[in-house]
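Visitor: Please show me the model. I would like to go through its parts one by one.

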Amino acid sequence: MAAKEEWKDIPGYEGHYQASNLGRIRSLTRVVYSRNWYTRQPFPRTITGRILTPGRYCKTGHLSVVLGRGTAGRPVHQLVMETFVGPAPDGMEVCHINGDPADNRLSNLRYDTRHNNILDVYRQGKRWRKLNLNDVSRIRFALFCGWRGSDLAREYRVSQSCISAIKTGRSYSWTK
């Protein structure tokens, strides 16, 4: 059975925008005042509410919407959590339980640490960056066997500084 859609005002945008527990964002019908281009006289204008169509927020597939003209896009998953749960506690971020960054239903979102968010991605067999855990293990073994960092960087299509960071423990140190 499908969940009933519940709408609530987005904090800071009350009376203008709402988020639903199914991960959708809508604008509300409202009256704004504009100025006539020629006479400079103000006049009321009605903006009809609608469901906003989200765009891609980044390469990872997260969705965003623009709330208000001339503003930057806001990630939909953050808006849904702020609306229904509240602001993120210190050191926490929004995580998608099923790993699908386009699934912004409230039942699929939770607050957790960045560390656990990254681990979720690896547990689901996906890549956080260009390298997965098997790649990192193979790179470490190759470095142990005497391979040059530049050769590994070329093979895995990453920068030499990435290989160096793995070698020195600045990156992926938690995988040891």
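Guide: Buried means under 20% relative accessible area, exposed over 50%, and partly exposed in between, with a 1.4 Å probe and protein chains only. This is a predicted model, where local features need pLDDT of at least 70, side-chain atom pairs count only at pLDDT 80 or more, and totals for chains, interfaces and linings use all residues. Residues are numbered from 1 along each chain as its sequence is written, and side-chain values use heavy atoms, with hydrogens and water left out.

Visitor: Is D112 buried or exposed?
Guide: D112 sits in strand β11, residues 109-112. Strands (E, at least two residues) and helices (H or I, at least four) are DSSP runs, numbered from the N terminus. Because its relative accessibility is 14%, D112 counts as buried.

Visitor: Which side chain makes a polar contact with the side chain of D112?
Guide: A polar contact is a pair of N or O atoms within 3.5 Å; within protein, one must be able to donate a hydrogen and the other to accept it, and residues adjacent in sequence count only if both atoms are side-chain atoms. Contact in general means heavy atoms within 4.5 Å. Leaving aside neighbours within four places in sequence, D112 touches G91, M92, E93 and C95. The polar partner, at 3.0 Å, is the side chain of N116.

Visitor: What is the bridge partner of R26 in β6?
Guide: Two strands pair if DSSP finds at least two bridges between them. An open sheet of four strands runs β1-β2-β3-β6, with antiparallel pairing. Its edge strands, pairing on one side only, are β1 (7-9) and β6 (50-51). Strand β3 (residues 25-27) pairs with β6 over two bridges, and the partner of R26 is I51.

Visitor: At what angle do α3 and α5 pack?
Guide: V136, I139, R140 and L143 in α3 meet I163, I166 and K167 in α5. These contact residues divide into five nonpolar (Ala, Val, Leu, Ile, Met, Phe, Trp, Tyr, Cys and Pro), no polar (the others, Gly among them) and two charged (Asp, Glu, Lys and Arg). Axes are lines fitted to C-alpha atoms, for helices over the stretch in contact, and angles run from 0 to 180 degrees between N-to-C directions. With axes 10 Å apart, helix α3 (residues 133-144) and helix α5 (residues 160-168) pack at about 80 degrees.
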